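Dear colleague,

I am passing on the structure we spoke about, and my notes on it follow below. Please read them with the coordinates open.

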Amino acid sequence: MYGTGGRHRAHRAARAAEQEWGTITVNEHQNTTDQAGTTKPRHRADRRFGRTVIGLAAVAGLGLAAWASTADAATSSTARATPTCSAAALKVTFGRGLAGGMNHQGVVITLRNLSGRTCALRGYPGLGLENSAHKKLTAHTHWGNTWYAHNPGKKTLALKDGQSAEAVVAWTHANTGTSGAVRASFLEITPPGSTQHKTLAFPQWVDHGDLSVTALARHINVTS
């Protein structure tokens, strides 16, 4: 009986040990599976997702930079493509005559593009006086406000064929023969950026040869 009881107790102990060992094995297997099959793949997926987002952001940034660069280049190219209006491309005429008290006088001058293509003007026209023999007379040109109009400031004016720009010229005139007065017969008008001028009949007395002129604009409001 002792032998039989001992064998039964040994058998029960072995079965208990086997069950315990089996439990440990399953738990270890489950722990290993959790680490390798669940946690690690999630970390790798997160890293891959992060790299993807960063990559897309970088591509988007490059795209915006390229677009901005292209836009700047296009604007610069358009500006370079518009030539300055030459004197030969323009028809210069007198517009509205301006009068006032205290010996003030003035006139609107108009520069019309007749070149057949778009050209640009910016700034102030150059002025000069000539006598009846087209000999230059002493003259001084002052840029800015005039008696009749505020200066609009320098602006680039792209004129299509047929379009025009204008400026206001002003001076004072004393009685004929007054000391310091210049008797002119012609007015020279030089477009900005040009070395050539247009000549218009200008039978005027101009005190000291002093002329004031505004910058060119598409239209200038005047008072008279």
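A disulfide is taken here as a pair of cysteine sulfur atoms within 2.5 Å. By that rule there is one disulfide, which joins Cys85 to Cys119 with an S to S distance of 2.0 Å, and with 95 degrees about the S-S bond the link is right-handed. The two cysteines lie 34 residues apart, Cys85 in the loop between helix H1 (2-81) and E1, and Cys119 in strand E3 (residues 119-122); helices (H or I, at least four residues) and strands (E, at least two) are DSSP runs, numbered from the N terminus. Cys85 is buried at a relative accessible area of 1%, and Cys119 is likewise buried at 3%, where buried means under 20% relative accessible area, exposed over 50% and partly exposed in between (1.4 Å probe, protein chains only).

The model is predicted, with local features requiring pLDDT of at least 70 and side-chain atom pairs pLDDT 80 or more, while totals for chains, interfaces and linings use all residues. Residues are numbered from 1 along each chain as its sequence is written, and side-chain values use heavy atoms, without hydrogens or water.

Turning to the sheet, five strands form an open, mixed arrangement in the order E1-E2-E8-E11-E6, two strands being paired if DSSP finds at least two bridges between them. Strands E1 (90-99) and E6 (140-143) stand at the edges with a single partner strand each, so one side of each has no neighbour in the sheet. Gly97, in strand E1, is exposed at 53%.
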